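Work through these two exercises with the model on screen. Try each task before reading its solution.

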Amino acid sequence: MATPALKITNLRKVYRRGNVAVEDLSLTVEEGDFFGFLGPNGAGKSTTIHCVTGIANPTSGTIEIFGLDAVKNYREARRLVGLCPQEFNVDPFAKPADIVSWAGGYFGMRAAERKSRVNYLMERFELTPHLKKSFRELSGGLKRRVVLARALVHDPKLIILDEPTAGVDVELRRVLWNYLTEINQDGRTILLTSHYLEEVERLCRDIAIVARGRIVREGTKDEMAGTPGSLEHAYLVATGAEPDHVAGQ
Amino acid sequence: MGVNWVGLGTIVRRDVQRMLRVPIQVFIAPWSSALLFIFVFGYVLGGTMRTIGGHKYIEFVMPGVLMMNIITAAFLQSSSAIYFSRFIRFVEEMLVAPLSYMEMVVGSLTTVVVRATVTGVGILILGLGFGATTIESWPLFIFWIVAVSVIFGLAGILIGLWSKSFEQLNMPVVFFLTPLSMLGGSFFTMKMLPDWLHWMLWANPFFYFINGIRGAMIGVDEAPQGLSIALTLLMIAALGGLVWRLFSRGYGLRE
């Protein structure tokens, strides 16, 4: 049996003030999957992602990335992951190519390799006309492209996208969808969180729904959403909302 | 597991690029301030001041001026770099990368030493150009610039990790760095103080830094160089240990 791209076992995360963000969460994402990780705000999605990528220290539980312990073998494990975070955690005065190039450097990419990869990503995400602008001068959509390019610079095998299309216009959303489909077909594993259920229905093959720090439902897209629009119903039921009541509002 | 040298080099390159975005604040300001000291103490007041240990007053003051600027440069470089990266959250770029805490600290301190050295050498060139200073020992001079910048780079990292607001970030400069520099013998010798106030210098760590670099520049020591060097290395070890402990707990960095 192939090693999963991501295997989380009994993850628990308690913040310093005692707030339990994730409680006994277990999850497996197979290699090559396009996996939807859904849940309401504050359900524990971002905290789980932070524990996987090293932004947060897990309180207990284990995280394996392609069989490597994300804490004990953090160097090897992190080389395999690219994170596109929900918020723009970027030096606002830096230029797009520098932001992406620095990230490549942190991942150990040498100058020549970095340069050609940065050039490719600037072209691919149509950032070339904006190379002289600082990050703060870019529009929301362009900022999102820079952050995505940064996540992809070291060509990771597992790409984690935390609400990558939030605040993005329809055109860019479609560009991103096409690109993500392309790299997934190329063999990259993608974990996507999104509040846009039509996006998840369109892109993902497997889905997990998290609420109050636990996985409350998990399965294939077809199991959860046999007919268009029924993912929303499954989501509302799994997260404890009243579908009819919500629909009537 | 080996060192991520490319990652370490990237931290330094990134911080140097950021530093060069604000050259007036980083380099021109301390050099201008040194020029003002040379003008006031060398030309305006120079003739009215007595010589100290056979040296003109400006020669006595210049090492203190240089050290004050190195201390400020080192502290501001690391404290603002850490605090700003936490505040904007781009520290997460490094946290998700295969970088060890040691590489992050060494990368940050290397930039501190670069900034402090360029600041210090600039002031030295001004001093030499205007006949306001000399160099007795290059090795000691380099030791003091590097050692003091590492101390205040480490102190800056601690404050950068601890601060939750810009006000907290600036507090150490107002309440510690400026007063302790002024009272650490930058502008006066121990003999100028009454006997009962000598403890004020012996108890002030800044006195040993200023004394050390003054020895390296004009050969005037009020405390033995060996004592100053030993205390300085002890401080580096203590602050380094504290920074290491906080980093390894993820304090102020990891949630």
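**Exercise 1. Find how many residues of chain A are in contact with chain B, and which elements of chain A supply them.**

Step 1. Count the contacts, where C-beta atoms placed from the backbone lie within 7 Å. On chain A, 28 residues meet 23 residues of chain B.

Step 2. Know the source. This is a predicted model: local features need pLDDT of at least 70, side-chain atom pairs count only at pLDDT 80 or more, and totals for chains, interfaces and linings use all residues. Residues are numbered from 1 along each chain as its sequence is written, with chains lettered from A and ligands numbered from 1 in the order in which they are written.

Step 3. Assign elements. Helices (DSSP H or I, at least four residues) and strands (E, at least two) are numbered from the N terminus. Helices H1 (45–53), H2 (74–79) and H3 (96–106) of chain A each give two or more residues to the side touching chain B. H3(A) gives the most, with five residues.

**Exercise 2. Which strands of the six-stranded sheet in chain A stand at the edges, and which helix packs on the sheet?**

Step 1. Write the order. The open sheet runs S6-S7-S8-S3-S9-S10 (chain A), with mixed pairing. Two strands pair if DSSP finds at least two bridges between them.

Step 2. Read the ends. S6 (81–84) and S10 (214–220) of chain A each have a single partner strand, so one side of each lacks a neighbour in the sheet.

Step 3. Check one pair. S3 (34–38) and S8 (189–193) of chain A run parallel, joined by three bridges. Gly36(A) has Leu192(A) as its bridge partner in S8(A).

Step 4. Place the helix. H5 (140–152) of chain A packs on the sheet and touches S6 and S7 (158–162) of chain A.

Conventions
Contact = placed C-beta atoms within 7 Å. Axes fitted to C-alpha atoms, helices over the stretch in contact; angles between N-to-C directions.
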